Amino acid sequence: MAQSASSLDRASMPIADRPLPDLITEIPGPKAREHVKFDEEWTSPSLPRAYPIVPVRGLGMAIEDIDGNLFLDFAAGIAVNSTGHGHPAVVGAIKEQAADLIHYSASDFYLPIYAQTAAAMARIAPMSGKLRTYLGNSGAEAVEVAMKLARHYTGRPYIVGFLGGFHGRTYGAVSLTASKAKYHAGFNPLLPGIYHAPFGKVEDLKWFDDVLFNRLAPANEVAAVVIEPIQGEGGYIVPEDGFLQGLRELCTKHGILLVVDEIQSGAGRTGKMWAIDHWDVEPDILLAAKGIASGMPLSAMVARAEIMEHWGIGAHGSTYGGNPVACAAALATIELLEGGLIDNAAVRGEQAMAGLRTIMGRFPKSVLDVRGKGLMIGIEFADPKLAEEVQWACFQRGLLVLECGKQTVRLCPPLVASASDIDTGIRIFGEAVEAVATHPSEIARQAAAAGAMHEGEVAG
Ligand SMILES: Cc1ncc(COP(=O)(O)O)c(C=O)c1O
């Protein structure tokens with residue numbers, strides 16, 4: 001019945017009764033265009049904005065825009081809505097907690113759900129032994145706190161990040177970020193004492209001895225190495241097997257803390273709770289955010305207790321960090337992840353990869369690589385313009401995807417995706433690639449006319 005209703009009727013129907021995607025206006029629609037104008041008058045021009053989607057409602061895999069169009073969501077608000085939009089268990093937990101207590105700072109008071117969430121995070125963290133957890137509000141904030149703790153615990157000044165890494169946009173986090181030069185432009189001097197290593201190949205680990213320890217900083221002055229086990233914003237890059245194991249050995253040998261930034265790759269996205277689990281490596285400190293609370297602002301730093309017990313009262317805290325409503329969402333999310341969503345991410349990821357490899361086979365000149373684990377998938381194109389145009393062509397067809405790296409489109413759908421959601425998404429993606437590969441100038445013209453081509457302007 002949904003299929004035969006007119007577009008006007010469909011706009012007034014519940015999301016669950018409509019086909020997905022379901023476009024009822026031109027894209028972007030009239031209200032979206034008007035809203036974009038309003039937004040551009042009042043908001044910070046620093047926000048990158050991938051394309052003019054104006055979301056107002058969500059359900060499961062669906063995002064409804066301001067004009068009543070339904071999009072199939074393979075972007076999940078930058079890899080965040082792990083349990084889909086409006087999961088009843090998450091919404092229920094949020095409502096219940098909000099009715100009981102919305103805020104009471106865990107920094108100065110003993111908030112029960114804060115400690116429960118800390119214990120839950122320690123239970124699911126990829127480390128053995130006694131752990132402790134610090135809860136914050138955002139990914140960047142978790143990165144900041146890890147940098148502070150690593151320096152405090154080791155008494156050493158240097159911190160190593162990786163070329164291609166992305167850790168956020170606060171001063172410490174952006175200093176560690178090396179995915180695009182624009183994040184540093186105009187902001188120097190950045191945090192001192194940071195070096196960037198090459199990422200991904202076992203061979204690259206030689207850099208530590210040959211360059212860093214030999215020429216720049218003695219190993220016993222390096223506090224921490226901070227790494228995304230699979231790089232996110234830098235291009236969805238999976239390291240070679242042996243790279244993370246080798247890095248662990250190197251850190252252990254020199255008493256350097258291994259900090260894994262699982263802010264994008266964690267919370268079940270790759271088909272295991274943490275991406276690092278694919279390589280059986282134990283970090284010293286784990287950073288989580290994004291998907292861990294289904295979209296409520298929460299981040300976590302989990303560390304070996306011995307490390308965290310080094311600092312004392314007042315060394316770090318936050319008024320809002322570990323807000324009770326965000327904690328309630330996290331506890332509900334963890335239950336859902338362990339209750340089947342992680343396994344679903346693994347199976348649906350295989351399905352998506354198979355479909356994408358077929359697309360790569362059909363368009364070998366346009367699609368250079370398909371990579372990833374679970375539902376953290378990158379499709380690399382032959383040049384940045386192609387990636388940008390495919391993102392736009394997907395949007396035009398009702399599929400939300402997001403660029404990353406220089407010329408890669410990432411797929412990071414909610415982990416509730418069904419077999420038919422993946423089939424639909426991959427079919428639309430294939431149609432978008434075909435349109436771009438066969439009529440590139442036409443797609444570019446449409447996108448430019450909508451003012452939507454901001455090459456590489458996406459972050460997170
Ligand atoms: C791996 C990683 N670390 C840190 C961050 C920063 O998180 P936030 O934007 O919540 O500050 C991001 C954001 O995209 C990320 O992907």
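**Strands S3 and S13**

How many bridges join strand S3 to S13? In this predicted model, strand S3 (residues 70-73) is connected to S13 by two bridges, and the strands run parallel.

**Domain arrangement**

The protein is divided into domain 1, made up of two segments (7-86 + 341-449), and domain 2 (104-322). Taken over C-alpha atoms, the centres of domain 1 and domain 2 are separated by 29 Å. To the contact between them, domain 1 supplies 26 residues and domain 2 supplies 22 residues.

On the side of domain 1 that touches domain 2, the elements giving two or more residues are helix H3 (76-79), helix H11 (324-362), strand S11 (367-373), strand S12 (376-381) and strand S15 (408-411). H11 accounts for the largest share of this side, with five residues.

Strand S5 (residues 158-162) is largely enclosed by the rest of the structure, because five of its five residues are buried. Tyr-158, Val-160 and Phe-162 point one way from S5, while Ile-159 and Gly-161 point the other way; all are buried.

S5 pairs in the parallel sense with strand S7 (residues 222-227) over three bridges, and Ile-159 has Ala-224 in S7 as its bridge partner. S5 also pairs in the parallel sense with strand S6 (residues 194-197), here over four bridges. In S6, Ala-197 stands opposite Phe-162. The chain passes from S5 to S6 through helix H7 (residues 171-176), and this β-α-β crossover is right-handed.

**Ligand shell**

The ligand is surrounded by 16 residues, of which Gly-139, Ala-140, Gly-168, Gln-264 and Gly-460 are the closest. Among the elements of the structure, helix H6 (residues 139-154) gives the most to this shell, contributing three residues.

In terms of residue class, the shell around the ligand comprises six nonpolar, seven polar and three charged residues.

Terms used
Residues are numbered from 1 along each chain as its sequence is written. This is a predicted model: local features need pLDDT of at least 70, side-chain atom pairs count only at pLDDT 80 or more; totals for chains, interfaces and linings use all residues. A residue is near a molecule or strand if its C-beta atom, placed from the backbone, lies within 6 Å of it. Ala, Val, Leu, Ile, Met, Phe, Trp, Tyr, Cys and Pro count as nonpolar, Asp, Glu, Lys and Arg as charged, and the others, Gly among them, as polar. Two strands pair if DSSP finds at least two bridges between them. Domain bounds come from an automatic or database domain assignment. Two residues are in contact if their C-beta atoms, placed from the backbone, lie within 7 Å. A residue is buried if 20 or more other C-beta atoms lie within 10 Å of its own, exposed if 12 or fewer, and partly exposed in between; C-beta atoms are placed from the backbone. A crossover is right-handed if, with the strands pointing away from the viewer, the path from the first strand over the helix to the second runs clockwise.
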